[in-house]
Amino acid sequence: MKTVYLDNNATTRVAPEVVEAMLPYFSEFYGNPSSMHSFGGNLGIKVREARARIAALLGAQPEEILLTSGGTESDVTAIHAALAAHPHKRHIVTTRVEHPAIKNLFEQYGKNGYRVTFVPVDCEGRIDLDEFRASLSEDTAVVSMMWANNETGVLFPVDEVAAELKARGIVYHTDAVQAVGKIPIDLTRTDVDLLSLSGHKLHGPKGIGALYIRKGTKFKPLMVGGHQEQGRRAGTENVPGIIGLGKACELAAGYLDDIDTRVRALRDRLENALLEAVPQAMVNGDRANRLPNTTSIAFEYVEGEAILLMMNEHGIAASSGSACTSGSLEPSHVLRAMGIPFTAAHGSIRFSLSHYTTAEEIDFVIEKMPPIIERLRQMSPFWKQAAQSV
Ligand code: PLP
């Protein structure tokens, strides 16, 4: 059975060009870039080229790119560095809808003596800028606010937040793991200090990512040991991964337009068709200001996990809430923070498309979804109750 893969916010297919670019670095050029001999040492040039490609996608300078093992490490490194640079400040700010990589980290800092503000969101997943501003103080060391939400795709006011924080001298970190490779990012225009990205979200390999560190931002390494990455992250470089991430970033620059037009149109077609065919279905999040590849749809009075299982029988892969929380039956913290009613949050499915998604695949999903929801509703006591009370 063919898989229709609509779970690209969880992870993406590695682009064939990326695989091809990486392969020689496992079998032929397997040296260590730190070696004195040219077999290893020459790889430094390849790592430099890859770093330049990553920087180019962001409008950054190559020396502002720190290579890491992925989004989580970039997030942890960023916050660690910001706090180490401002040891006397004891207040940190984030939002209620961050990925667990930030959410759990901030909760941990809260247990270790920091005052933590989790800025709330409205029912469409948006923060109130005035409320955000009011949360800041002289004691605020760092703000971490994501660029795009992984569950709803909702975009945050990164430019406004960056300008505000710059004026106040507060470090701004943004988790842009879901944004990079889906929308244009130009850090010559947006004044963030630190930005996280992850290879496997943009058709690169897993286990590689980067942290952008704006020139002049104070930095203390999280990983100490060897002198790799100019002393900013110890550990032998993941050369094939770095080459792969470089290639993925180069490719992404070429398909951003396709995501903004063709993929956006496919997402809208899927969303509109399901809203029309399925009663009591609604979109979670701000429809006007979202990633072009993502839609989170709440099918009221059915279980998200049951929907996923039936979709799986047709080879359709999607997600209920975030992949990281789908092991549990609790509605995700993101949907709860938005105040989505329990009966809707529980039946929410995230469809996330990619540059590889085709119109035929979307038509297939449009055909299969309504009978799945109908069948499950026929078995749902909540649906029957709701129908009787109308
Ligand atoms: N931040 C966001 C917004 C994410 O969506 C993810 C992954 O789902 C991460 C961070 C973690 O990235 P990684 O899997 O590369 O550690």
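The lining of the second largest cavity is made up of five nonpolar, seven polar and two charged residues, where Ala, Val, Leu, Ile, Met, Phe, Trp, Tyr, Cys and Pro count as nonpolar, Asp, Glu, Lys and Arg as charged, and the others, Gly among them, as polar. The model is a predicted one, in which local features need pLDDT of at least 70 and side-chain atom pairs count only at pLDDT 80 or more, whereas totals for chains, interfaces and linings use all residues. Residues are numbered from 1 along each chain as its sequence is written, and side-chain values use heavy atoms, with hydrogens and water left out.

A cavity is here a set of points, on a 1 Å grid over the protein atoms alone, where a 1.4 Å probe fits but cannot get out, and lining residues are those with an atom within 4 Å of a point. Grid points are joined across faces, edges and corners, and a volume is the space filled by probe spheres set on the points. On these terms, three cavities of 30 Å³ or more are found in a search of the whole structure, and the second largest cavity has a volume of about 70 Å³. Its lining comprises 14 residues, of which Gly181, Lys182, Lys201, His203 and Ile259 are the closest to the centre. At least three residues of this lining come from each of domain 1 (4-10 + 256-382) and domain 2 (16-252), the bounds being taken from an automatic or database domain assignment.

These two domains are the ones given by the domain assignment of the protein chain, and their C-alpha centres lie 28 Å apart. The contact between them takes 29 residues from domain 1 and 33 residues from domain 2, contact meaning heavy atoms within 4.5 Å.

Buried means under 20% relative accessible area, exposed over 50%, and partly exposed in between, with a 1.4 Å probe and protein chains only. The largest core has 88 residues, and Phe299 and Phe351 are those with the most contacts inside it. Helix α9 (residues 239-277) supplies the largest share of this core, 13 residues; helices (H or I, at least four residues) and strands (E, at least two) are DSSP runs, numbered from the N terminus. Because domain 1 and domain 2 both give residues to this core, it lies between them. Apart from it lies another core, of 19 residues, among them Ala78, Ala82, Ile92 and Val142. In soluble globular proteins, nonpolar side chains tend to be buried together.

Beyond its neighbours within four places in sequence, Phe351 is in contact with residues including Leu6, Leu270, Leu274, Phe299, Val365 and Met369. Leu274 and Val365 are also in contact with Pro370, as are Ala277 and Val278, when neighbours of Pro370 within four places in sequence are again left aside. Pro370 lies in helix α13 (residues 359-379), and its C-alpha atom is separated by 57 Å from that of Ser34, 336 residues away along the chain.

His203, one of the residues closest to the centre of the second largest cavity, is placed in the loop between β7 and β8 and, at 4% relative accessibility, counts as buried. Its phi is near 65°, a positive value in a residue other than glycine. Lys206 lies in the loop between β7 (194-198) and β8 (209-213), but at 53% relative accessibility Lys206 counts as exposed. The C-alpha atoms of Lys206 and Gly71 are 9.9 Å apart in space, although the two residues are 135 residues apart in sequence.

A positive phi, near 55°, is also found for Gln280, again a residue other than glycine. Gln280 is in the loop between α9 and β9 (281-283) and is partly exposed, with a relative accessible area of 40%. Val97, by contrast, counts as buried at 2% relative accessibility and is found in the loop between β3 (91-95) and α6 (100-111). With neighbours within four places in sequence left aside, the contacts of Val97 are Val121, Met146, Asn149, Phe156, His333, Val334 and Ala337.

Conventions. On a 1 Å grid over the protein atoms alone, a cavity is a set of points where a 1.4 Å probe fits but cannot get out, and a pocket is an open set with protein on both sides within 12 Å along at least five of seven lines; lining residues have an atom within 4 Å of a point. A nonpolar core is a set of buried Ala, Val, Leu, Ile, Met, Phe, Trp, Tyr and Cys residues joined through side-chain atoms within 4.5 Å.
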